[in-house]
Structures are given as C-alpha cells and as structure tokens.
Amino acid sequence: MQRNQGRREGSPFTGLGPVFVKELSDHLSSTRMMVLTLFVIVFGALPVGFTLQTLRQVTQSDQFLFLRIFTVEPEQAPISFYAALTFMIPLMAIGLGFDAVNSEFNRRTLSRVLSQPIYRDALLLGKFLGGLATLAVALTALFLIVFGAGLLLLGLPPRGPEVARGLAFLVVAIAYGGVWLAVAMLFSVIFRSTATSALCALGLWLFFFILWPMIAQAITTGFAPSQFRSVDEVLSLEAFGQALQRLSPGTLFGEAVIGLLQPETKAFGQFANLVMQQTRGMIQGTPLPFDQSLLLIWPQITGLIAGMIVVFSIAYIVFQREEVRA
Amino acid sequence: MSDPLEVDNVIEARGLLKLYGSARAVDAIDLSIRKGEIFGLLGPNGAGKTTTILMMLGLTETSGGSIEVLGFNPVRQPLEVKRRVGYLPDAVGFYDNLTARENLVYIARLLDIPRRQTTARIMEALEAVQLADVADKRVATYSRGMRQRLGIAEIVMKKAEVAILDEPTSGLDPHATFELLEMIRGLKKANVAVLLSSHLLDRVQSVCDRVALFNKGKIALMGTVVELANQVLGAGHPILVEASGIDVPAVLKGIEGVQRVVPEGGAWRIVADRDVRAVAAQRIVAAGGSLTRLAELQPSLEEVYTRYFEEARRAA
C-alpha cells in the first residue's frame, strides 16, 4: 500500500500557533470559563477562608506558617485547599477538554480546517496547549488570590523557600491538570457525541476518586500474609499498596503537594516514616531543604508528566486514524 | 507532470483506488482535470465522489494508484496541496460564535497570509460573494446559502488555483442556487479550475464544461454533456413532435433521415441524422394534421443519467 511511499513533507507544527491562540481566546471568552471560575472561587476560596481563620488563632511559632494555608484542615470544614484542588482541577480540565475534537466534527468545521495547510498533529497539540494555558492562567490567578489573602490576613510575608515551594506547587498542579485534560481530549477524539465523552471522562474521575482507593485497599489486604514475620514484609506490602494507589493521578498529585508544602515529609506511608525515624535517625518535625523535598517527590512529578504524555499520544494515534468525513 | 502534453492538467489521477475493508469505494479510476475548466462529478450517493475528493486533498489515504494535484502528491506533500486548493465540504460548518470576518481571520492565520494583507483580502473576498455588509454578524445568524457563500469567500481569500466543491448547491433554494452558480462561474473567470460534485443535474449541466458519471466506485462515463448524450442516448438530432388528426408516426417515418419514432406522453420523439424540423412540419400540414408543437430537444444530463442507470440496472 501507499504507506511506504515515503515520508510526508513539511513540519508537523505548521499552523500550531494560530490554533493555540484561537483555542486560548475561545476558552477565555467563553461562558464555560466563567462558570469554571465561579466554581474555583467557591471551592477554593471557602477552604482558604476557613483555614486563615484557624491559622490566626495559632500562637506557637511555625517557620512554614504561610504554606499551612494550603494544607491545614480548618476547624469549620474538613477540607484543606490542596484537597479541594485535588478534585477541582480534574473537573476544570475535563470541562475544558471534553468537546475539543468532537465539537469541531459536529459543527462540521473539522474538514474545512483540515483542508488548510495544517497537519492533524498541530490541530490536536494546539488544542491541548490552548487548554493547558487556560488552566495555567486560572490556577495562577487562584494562587495569587490565595497568596494575597494570606498576606492581608496573616500580616506576614512569605519567605524565599516558601515562595519557591509555592511556585513548585503551582507547576505540579498544572501538570496534574494536564493529565486530566489529555484524558478528556482522548474521549473527545474517541466519541462523536460530546455528552458521551463528558460522561466517560467524569466517570473515570469518579472511579479514581471514590472506587479506586477502596479497590486498591481490598487488593492489598488480599495479598497480606496472615502473620507478618519481619519489618520488611510490612514495608513491602505497604509499598505494594502505594504502587496501586499511585495509578491514580490524584494520589501522585497529593503526595507531590504534601512533599512540597509540608517540608517535614521525608517518606510516604505510615510504616515507611516510622522506619525512617528509627533506623536512619531522622527526627520527626525537622524540615527538609527545598532541593531534598524536590528530590523526594521527583518520581511523582515525572509520573504525572509521563501520564500526560502517554494519554495524549493515545489520543493522537486515535485521531490520526479517524476519517474526517461525516 | 513531466509530460509536456499533460502540463495543462491541474489534477491527474491514475488507477486511483480506495478500499474500506474489502469494499472498493473508489475502484481504479483515471481522471484528469484541466486548467480553468469546471468539472462535475456526478453519481448517486455512495458512488465514491466524496472519497475521491478527500484523496485529492490528502485527507484520507489512498489504497493504490497515483494522484497528483498541481504537480504535488497529496499523500506525501499534503501541505503544499492544501495551500493551493480550496475546499468547500458538503454542508460546510463555521464557528457560530464568531463573525464571518473572525472565521476568515482564523483561516488566514492558518494560511500564514501576511497580517498587513489580511484585512484587505478578507474584505475583497466577502465583497465577491456579497457578504461584505454582514461581515461582522455572527455566523449563527447566517442562512444556509450565506454559509455556502462564506465557504466560497474562503476559497477566494485563499487565492486557490483549484476549488473543490462537494455538493455546493444541496439544500439551497432556487434563488440561492442561482447565485451560488454565478459565483462558481466567477471562480472560473478568475482562472480557477473548479471540481464540483452534485446530484442536481440540470444545475450542474448549466455550469460544467465536462462531467464524469460515477457508479459503484467507477467512472462510467466522462466527457462534455453532448458527448455523454451521444454515447447514452445515441447520436443525432432529437425532435419532439405533437400533432393530431393523422397517423403521425407513419408520416414521420416517411421522412428521409429519420431513424426512430418513439411515443412520449401524447407526443412523438424523433431521432434523425439531421435537422428535419422544416420537413416534418411540411409533411404533417400537407397530410391534413394539425401541428401543435415542434421542438428541438437539448440533450439533458438528467436524461443521460436516468437512462444510464436504467440500463445499468437492466444489465445487472
């Protein structure tokens, strides 16, 4: 057949810029974006407001007080800012990506756009980057609001390391959003109906948030021996359970954020922490320097980025094979 | 296009093949479209017209054979082809939330038209299709005919050398159809080769220089409308005679040069090897009949089409 007739010519990125700019401006001016912003403010500002109230009553000195805004569970509501983000970000990403490709198909604009000098590569990548940039804009705005509120209500400026950790948190949050954006776009390529694609993406989101922790727990328990013979056995079982949990992007995000925002974190998992303290003489409560924290969560960050790339690649392959005709 | 004889062809297909599984959607067709002509692809739905068009644009892979558009291979050099070819898909869609101008700006960016020229070229194109006064209205408010015209405007703005229009007139009212066909003629005047697919035969007949009749993935007939008529309906001058009071067929058969006399809805159709209208009128009047109608029949594409598929069905 024709496949081995030779390589196609021209850069796959021809036209990437215009697609990116159009997607970004479409997103930023859309009603959907306003709804999402409202959503973020309600779900993000509420925990932060409560947390700030709680923090103002803290009297003991804490060198990372500013970062506590993100992690402390307030007294009034059992949800911290980062926990709210863990489920908010996927929702935003799905909202931005679930109809990326199939809406073009349904509006019958796809064949017209693809008849311009542009490869499908550029169209899909432009849409993805446009969505990611929108997400980045929204998250940055949210961070600035939280930082500002912290400055006003706590009356103390964040120190250098805290700012660095906060920025790293922002980057991890965007990567986490990228994974879910890629998932939403994958469904938008697979399904012609936007409703089906949104439903599938939300279904997967619910699965990872509600069902997967229980399933992973059940599997781990199933593998547990009736009697532990050594500490290593306990540790390896915990590692196995964690590995299962980490298949969920939410877990990776949660661990990365904890590693960044709670500098005392030296290992993930109850037993692992205990072993670290007892065998390596680490003292609980002493913070790690920023670079050591970053090293600790490096696997989580690469995991998120790799997941994003893998899911996007699958969407890309499916899109290449799709017929453009109605 | 190294062959100097074929230098005037803008599209050249040889043994072009498209398989969907074991089904042959396009079955080894040969097709060449010349510079500056309007070429019609005709045939029932599912005959392979749209698939052929998509292969020309590199929007779907070929399964065999070769195709060249303006000297470029759409499989390997789709960007070069798509830079020079304008395409108006069947039931074209635009971004409804944007205005006509904004829709064209997006396409201009994709085409990498210099920013300083963009505004002028868009206005020029919108004027050519008489949409300049609604350029800043959202496309959501456009009628179907206006959308099709906006599609033509896109091709004008692109300064395409070849325009491929898939069912451009389907779903339009007669007036909108007329306007659109005028614009297609305008493209031809601007020296753009036009390839259009349609099933509205009488409309196609009025604009097309040559047509190809598709049937089950193959090109059944190709040529000018007159050539096709001669091939399917037989050569000669068809005449329609309506008369009463005498034995009309007998009189008509007596005329020199008449080959066939066929009754047709209360009248008779004659096929002769020359124009026998004057003689026929004389004979009928001389025999005492009253002649009510005498007309030379233009070969109609519809007739060719109907007759061809009737015969194809009978042969099957």
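Colleague: How much area do chain A and chain B bury between them?

Modeller: This is a predicted model, and the totals for its interfaces use all residues. In it, 34 residues of chain A are in contact with 39 residues of chain B. Of the area that the two chains bury between them, 56% lies on carbon and sulfur atoms, and the total comes to about 3,200 Å².

Colleague: What secondary structure elements does chain A contain?

Modeller: The C-alpha atoms of chain A fill a box of roughly 65 × 55 × 35 Å along the principal axes. As for the elements within chain A, there are zero strands, and the count of helices is 13.

Colleague: Is helix 2 of chain A roughly parallel or roughly antiparallel to helix 7 of chain A?

Modeller: Helix 2 (residues 31–56) and helix 7 (residues 120–154) of chain A pack with their axes 10 Å apart and at an angle of about 25°. Because angles under 35 degrees count as roughly parallel, helix 2 of chain A is, relative to helix 7 of chain A, roughly parallel.

Colleague: How do the residues of the contact of helix 2 with helix 7 of chain A divide into nonpolar, polar and charged?

Modeller: From helix 2 of chain A the contact includes Val40(A), Leu52(A) and Arg56(A), and from helix 7 of chain A it includes Thr134(A), Leu142(A) and Gly150(A). The residues of this contact divide into two polar, one charged and 11 nonpolar.

Conventions:
Residues are numbered from 1 along each chain as its sequence is written. Chains are lettered from A and ligands numbered from 1 in the order in which they are written. This is a predicted model: local features need pLDDT of at least 70, side-chain atom pairs count only at pLDDT 80 or more; totals for chains, interfaces and linings use all residues. Side-chain values use heavy atoms; hydrogens and water are left out. Axes are lines fitted to C-alpha atoms, for helices over the stretch in contact, and angles run from 0 to 180 degrees between N-to-C directions. Helices (H or I, at least four residues) and strands (E, at least two) are DSSP runs, numbered from the N terminus. Angles under 35 degrees count as roughly parallel, over 145 as roughly antiparallel, 65 to 115 as roughly perpendicular and the rest as oblique. Contact means heavy atoms within 4.5 Å. Ala, Val, Leu, Ile, Met, Phe, Trp, Tyr, Cys and Pro count as nonpolar, Asp, Glu, Lys and Arg as charged, and the others, Gly among them, as polar. Buried area is the accessible area (1.4 Å probe) that two parts lose on being put together, summed over both.
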